[in-house]
Amino acid sequence: MTDERKDRTTVVTSGGGGGAGWFIAGGLVVALALGGFLLFGGALGGGDGGGVNIDVPEKVTIETPKPTE
């Protein structure tokens with residue numbers, strides 16, 4: 001039998017995930033920014049709320065019936 005020694009090298013690589021995740025995240029950020037601009041800019045019904053006036057009386061009285069004996 002011959003005693004042969006073989007040198008082995010282990011190579012570990014990481015990374016190279018592509019970037020599709022970053023592309024999707026960037027698209028979501030752009031969509032949220034555009035949606036916020038349209039909503040709060042008044043294009044989709046946001047804007048000023050208009051004038052709402054609620055008249056409430058100064059004094060409210062509640063009458064309860066007298067119990068019967």
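Student: Which helix is Phe23 found in?

Tutor: Phe23 sits in helix H1, where helices are DSSP runs of H or I with at least four residues, numbered from the N terminus. This is a predicted model, so local features need pLDDT of at least 70 and side-chain atom pairs pLDDT 80 or more, while totals for chains use all residues. Residues are numbered from 1 along each chain, and side-chain values use heavy atoms, leaving out hydrogens and water.

Student: Why does Phe23 count as exposed?

Tutor: Exposed means over 50% relative accessible area, buried under 20%, partly exposed in between (1.4 Å probe, protein chains only). Phe23 has 69% relative accessibility, so Phe23 is exposed.

Student: How do you know that the span of H1 agrees with its number of residues?

Tutor: The expected span is 1.5 Å times one less than the number of residues. For the 21 residues of H1 (residues 20-40) that gives 30 Å, and the end C-alpha atoms are 30 Å apart, so the two agree.

Student: What makes H1 "hardly covered"?

Tutor: The count of buried residues among its 21 residues is zero. As for the chain, 0% of its 69 residues count as buried.

Note on methods: Helices (H or I, at least four residues) and strands (E, at least two) are DSSP runs, numbered from the N terminus.
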